[in-house]
Amino acid sequence: MGLFYLLSVFKKIKGGSILKKLGILWICAVVLLFFTACSQANSDENVHQDKEEKRTIKIGMITDTGGIDDKSFNQSAWEGIQAFAKANGLTEGKDYKYLQSSSEAEYETNLNQFVQANFDLTFAVGYKLKPAVEKIAAANPKSNFAIIDEKVDLPNVTSATFKDEEGAFLVGIVAAMTSETNTVGFIGGEKSALMQRFESGFEAGVKSINPKAKVLVQYANSFSDAAKGSAIASAMYGQNADVIYVAAGGTGNGVFTEAKNRKAKGENVWVIGSDRDQYKEGLPENVTLTSMVKGIHTVCEQLAVLAQNGDLKAGTMEFGLKEGGVGISDTTENIGEDTLGQINDYEQKIITGEIIVPKTRQDLDVFLANLKS
Amino acid sequence: MTIDLLSTVTSATLYSAAPLIFAALGGIFSERSGVIQIGLEGFMVFGAFSGIVTTLLLEEQLGVVTPWFALLLSAIVCGLFSLLHATAAITFKADQVVTGVAVNMIALGLSLFLVKQIFSGKGQTDFISYRLNKIDVPFLSDIPVIGPLFFTSVPWTSYLAVFLAFFVWIVMTRTIFGLRLRAVGEHPGAADTVGINVVRMRYMGVILSGVFAGVGGAVFALSISGNFSTITIAGQGFLALAAMIFGKWHPLGTLLAALFFGFAQALSISGPYIPFIQDLPSVVLTILPYILTLVALTGFSRRSAAPGALGQAYDKESR
């Protein structure tokens with residue numbers, strides 16, 4: 001893409017000296033060299049078309065730009081597919097396979113590769129792939145797709161979303177049980193319906209344990225501004241908050257840095273991570289109290305099983321605590337015994353439907369009013 | 001209580017402005033010599049990349065000094081990287097905006113590619129264990145009022161940035177090198193006539209901008225984000241460019257502009273906890289940094305002070 005841009009610019013420069021053109025050519029050459037190097041690294045990932053065997057289901061997966069071992073969404077999804085493949089005796093490369101996307105421009109090409117190779121189900125992992133899935137799925141109505149963590153409204157796409165509020169509720173309980181100052185914070189990426197689920201679930205969890213606790217809420221208006229994340233965390237810790245729950249992607253990096261800085265100076269502060277177990281991000285100062293995790297691998301495995309049995313339907317499927325879609329991280333070394341007990345109690349209450357976790361601020365107000373009475 | 005809040009605002013200002021100051025000072029070197037520096041963003045990306053990779057690879061051997069060593073190495077690496085821009089823009093006289101944009105694209109693609117090569121396919125690096133931590137300056141932090149405001153919870157690099165702004169100011173206005181650099185940027189033909197090597201001065205300007213912006217990127221990664229991914233540097237280079245223009249290509253003006261950007265944001269973040277300000281609707285606080293910047297730009301930047309020959313390749317024959 002960049003190359004074409006440069007070439008078009010090159011064409012436009014008519015009046016320039018020959019040296020000027022040489023300069024652009026020089027840049028082009030470097031870009032070209034670089035892209036060749038990239039494509040060489042990826043050339044072994046082409047999908048081979050085998051059409052003889054059609055008895056077992058064929059499953060493809062497209063990563064977003066994070067890569068297959070991003071320790072997050074992509075890796076988790078791939079683990080789920082691998083587990084399914086193992087149980088059903090599929091061979092990698094032939095029956096199931098992934099394609100890495102090294103840039104957003106590759107999403108559509110990668111999806112197309114699976115379509116052309118007649119794969120039965122193609123997983124698109126992450127909300128970033130939504131536009132690509134919408135386009136390719138509409139153009140190929142006979143192929144089936146599944147998108148994780150985003151909704152695509154097409155007859156051949158299954159959308160898997162998460163009941164984030166239930167996971168947020170659980171970490172809210174941990175926050176309230178751990179806080180000594182009775183003040184906790186929530187930092188969100190951008191103000192949206194999705195983020196409101198995190199916010200209201202978290203606050204509901206905190207207030208269920210300690211109705212008098214103060215919950216500071218702030219949005220960074222960015223998922224990639226670490227400097228702002230650190231500044232917000234600094235302000236919140238300055239306001240006596242000792243536990244901050246952050247669901248803001250790259251902005252969260254700054255929150256971790258701020259917490260580590262403070263812990264290194266002897267302050268007793270914690271961060272609660274999101275999407276995956278962020279225990280390692282908190283090291284070496286050990287600032288990660290717990291993390292709200294999404295069971296992407298469970299979800300992918302379940303969808304694959306449904307597809308195998310021919311039961312996979314288009315539309316949106318929501319995965320909550322009950323379905324293993326959300327939960328609390330496996331690393332529990334910073335959480336006390338009685339907190340773990342409380343988590344189990346509330347987990348049961350949510351699964352049985354005794355507690356319905358609020359998804360919006362309005363629901364939260366109702367929930368809090370019911371708590372008081 | 002009030003002093004605590006103010007201290008949060010001032011330390012956040014110094015903390016987040018440091019990378020901008022470094023990069024914007026770099027921009028001054030290049031643009032004062034007459035070469036437009038859109039590539040600041042790219043140099044910052046590459047600086048952040050080399051800073052984090054160096055730290056990750058060497059922190060076991062070197063321990064606490066690793067980030068400082070990484071800072072130094074980023075400066076050298078980005079100095080070399082900027083030769084790409086210099087060769088295209090000065091020797092080959094290519095359009096400087098185009099080459100700058102190319103630098104930005106190459107830096108982002110190349111660093112992601114290298115991360116994947118070095119860390120076996122991962123799209124982002126692990127977190128570093130040794131950072132450029134926020135510190136309380138010994139003795140100075142004990143001074144009442146001034147101590148908590150300016151000398152607590154700020155990393156050393158922020159003071160280095162402020163110091164360098166003054167240093168660059170002296171270099172630009174009080175040394176032969178600075179005079180020649182500015183001459184080359186204002187009127188390269190005249191400079192050439194009196195025997196200044198225009199090409200060499202411009203090369204130095206671009207290389208220095210690479211060095212400074214590289215350090216800026218590394219400071220951001222090592223003191224704020226803690227790891228490297230494609231979103232680590234997202235627009236800071238352009239913000240630095242804006243700070244430089246806002247500061248009228250003057251080192252101290254640029255310093256103030258960068259601090260002002262940081263202050264506006266810190267104020268909007270701490271706003272909900274400050275009496276009076278917290279009564280304002282939250283949308284006012286969110287747009288505050290942009291409003292303040294707009295007001296400042298329209299109020300103070302009436303007369304543009306761009307170097308005379310900015311963006312013009314120097315052609316000896318056309319003198």
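Among the contacts in chain B of this predicted model between residues at least 6 apart in sequence, 78% join residues at least 24 apart, a contact being counted where two C-beta atoms, placed from the backbone, lie within 7 Å. Of the 319 residues in chain B, 56% are buried, that is, they have 20 or more other C-beta atoms within 10 Å of their own. Residues are numbered from 1 along each chain as its sequence is written, and chains are lettered from A in the order in which they are written. Because the model is predicted, local features need pLDDT of at least 70 and side-chain atom pairs count only at pLDDT 80 or more, whereas totals for chains, interfaces and linings use all residues.

Chain B holds 12 helices and two strands, which follow one another from the N terminus as α-α-α-α-β-α-β-α-α-α-α-α-α-α; helices (H or I, at least four residues) and strands (E, at least two) are DSSP runs, numbered from the N terminus. The radius of gyration of chain B is 20 Å, close to the 20 Å given by the globule rule for 319 residues, so chain B is as compact as a globular protein of that length; the radius is taken over C-alpha atoms, and the rule is 2.2 Å times the number of residues to the power 0.38. The C-alpha trace of chain B spans about 65 × 50 × 40 Å along its principal axes.

In chain A, six strands form an open sheet with parallel pairing in the order β2-β1-β3-β4-β5-β11, where pairing requires at least two DSSP bridges between two strands. Strand β1 (residues 59-62) of chain A is joined to β2(A) by four bridges, the two running parallel, and I62(A) has L99(A) as its bridge partner in β2(A). Helix α3 (residues 73-88) of chain A packs on the sheet, where it touches β1, β2, β3 (121-125) and β4 (144-148) of chain A, and its direction makes about 155 degrees with that of β3(A).

Between the chains, the axes of helix α8 (residues 226-238) of chain A and helix α11 (residues 251-270) of chain B come within 9 Å and cross at roughly 45 degrees, axes being lines fitted to C-alpha atoms, for helices over the stretch in contact, with angles from 0 to 180 degrees between N-to-C directions. That angle makes α8(A) oblique to α11(B), since angles under 35 degrees count as roughly parallel, over 145 as roughly antiparallel, 65 to 115 as roughly perpendicular and the rest as oblique. The contact is made by K228(A), A231(A), I232(A) and A235(A) of α8(A) and by Q265(B), A266(B), I269(B) and S270(B) of α11(B).

Terms used. Buried ≥ 20, exposed ≤ 12 C-beta atoms within 10 Å, placed from the backbone.
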